[in-house]
Amino acid sequence: MSGAHLLRGHAPITPKGWGEIDDEARARLTTALGARKLVDFAGPLGWDYSATNLGRVEPLAGESVSGVEAARRRVLPLIELRAPFTVSRAELRDLDRGAEDVDFDALDAAAQRLAVAENSAVFHGFESAAIDGIAAVSEHPPIAVGDGDFDRYPTHVATAVEMLLSVGVEGPYGLALSPDAYRGVIETTERGGYPLLDHLRKILGGPLVWTPGVRGAVVVSLRGGDFLFESGEDLAVGYSHHDGENVHLYLEESFSFRVVSPDAGVALEP
């Protein structure tokens, strides 16, 4: 998690402190970035990587020279996300003394916010960034699921899988679940004592993923090539400024996301 533009060398933080901060951020983000477990991930391609090539052009009106046609390459610009947080200088000094219970609550909260933003963009879109979410552009009608009615999830998920199969979208399939839905699935046991989680895995042939930022749930094909996430700078911790009490830092990333096959995902709406 380093780069000259992050200005980490200007922070009053020792190498040990940076190591602990990076480890904490990595641990929190690995769990929360559910979308990355279900889409094609490419990168990181670097902080200076600015746009995804769409392989298409659009004609330009007029001619700069008679008899010469002009067209403009189409690209999808990457977006930058940044979540600021602070770390107490007193806590950092205690860390250097050997403390193991350092207060990283603000870092943990920033990691959660950034994960929610990324997951939400992938599944529900980010209109001002020209990102279409999987659920937002799905060619299939959403499946309504009752709040708290987790006993019927096998039926709903099987219906979604049948929708995908009917248009030739092969599996295996994965299921992105909101935290509330994931908790409900984990806690539910079907008649006869069979865990609901195991039943859903057999229907999907793939994972169930805890995905903060998702509304309800989304079934997606894992065959590959349908949902493309392109990372410029992968998640990194940078330095903003400091005062007598706190060091002001931020989590940052850049990425683009595009849906190649709108028929490869089905939303389950609460």
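Me: Leaving aside neighbours within four places in sequence, which residues is Asp226 in contact with?
Reply: Asp226 is in contact with Asp40, Ser221, Arg258, Val259, Val260, Ser261 and Ala264, a contact being heavy atoms within 4.5 Å. The model is predicted, so local features need pLDDT of at least 70 and side-chain atom pairs pLDDT 80 or more, whereas totals for chains, interfaces and linings use all residues. Residues are numbered from 1 along each chain as its sequence is written, and side-chain values use heavy atoms, without hydrogens or water.

Me: Where is Asp226, then?
Reply: Asp226 belongs to the loop between strand 8 and strand 9. Helices (H or I, at least four residues) and strands (E, at least two) are DSSP runs, numbered from the N terminus.

Me: And is Asp226 buried or exposed?
Reply: Asp226 counts as buried because its relative accessibility is 3%; buried is under 20% relative accessible area, exposed over 50% and partly exposed in between, with a 1.4 Å probe and protein chains only.

Me: Which side chain does the side chain of Asp226 make a polar contact with?
Reply: The partner is the side chain of Arg223, at 2.8 Å. Such a contact is a pair of N or O atoms within 3.5 Å, one able to donate a hydrogen and the other to accept it within protein; residues adjacent in sequence count only if both atoms are side-chain atoms.

Me: What else does Arg223 touch, not counting residues up to four places away?
Reply: Arg223 touches Gly168, Val169, Glu170, Gly171, Pro172 and Ser261. Arg223 lies in the loop between strand 8 (217–221) and strand 9 (227–231), and is partly exposed, with a relative accessible area of 37%.

Me: Back to Pro172: which kind of peptide bond joins Gly171 to it?
Reply: The bond between Gly171 and Pro172 is cis, with omega about 5°. Pro172 sits in the loop between helix 5 and strand 6. A cis bond also joins Gly43 and Pro44, again with omega about 5°, and Pro44 is in the loop between strand 1 (40–42) and strand 2 (51–59).

Me: Which residues of helix 5 are buried?
Reply: They are Tyr153, Pro154, His156, Val157, Ala160, Val161, Met163 and Leu164. Their cover includes strand 5 (143–144), strand 6 (173–177), helix 6 (179–187), helix 7, strand 8 and strand 12 (265–269). Gly168, which follows helix 5, has a positive phi near 80°.

Me: At what angle do the axes of helix 5 and helix 7 cross?
Reply: The axes of helix 5 (residues 153–166) and helix 7 (residues 196–204) cross at roughly 10° and come within 10 Å. Axes are lines fitted to C-alpha atoms, for helices over the stretch in contact, and angles run from 0 to 180 degrees between N-to-C directions. The two helices are therefore roughly parallel (under 35 degrees; over 145 is roughly antiparallel, 65 to 115 roughly perpendicular and the rest oblique). Tyr153, Pro154, Val157, Ala158 and Val161 of helix 5 meet Leu196, His199, Leu200, Ile203 and Leu204 of helix 7.

Me: What about helix 1 and helix 2: at what angle do they pack?
Reply: Helix 1 (residues 15–32) packs against helix 2 (residues 89–97) at about 105°, their axes being 9 Å apart. That makes helix 1 roughly perpendicular to helix 2. Lys16, Gly17, Glu20 and Ile21 of helix 1 make the contact with Leu92, Leu95 and Asp96 of helix 2.

Me: Last topic: what is the phi of Leu7?
Reply: Leu7 has a positive phi of about 55°, although it is not a glycine. Leu7 lies in the segment before helix 1. Ala130 likewise has a positive phi, near 60°, and its place is the loop between helix 3 and helix 4 (134–137). Most residues other than glycine have a negative phi.
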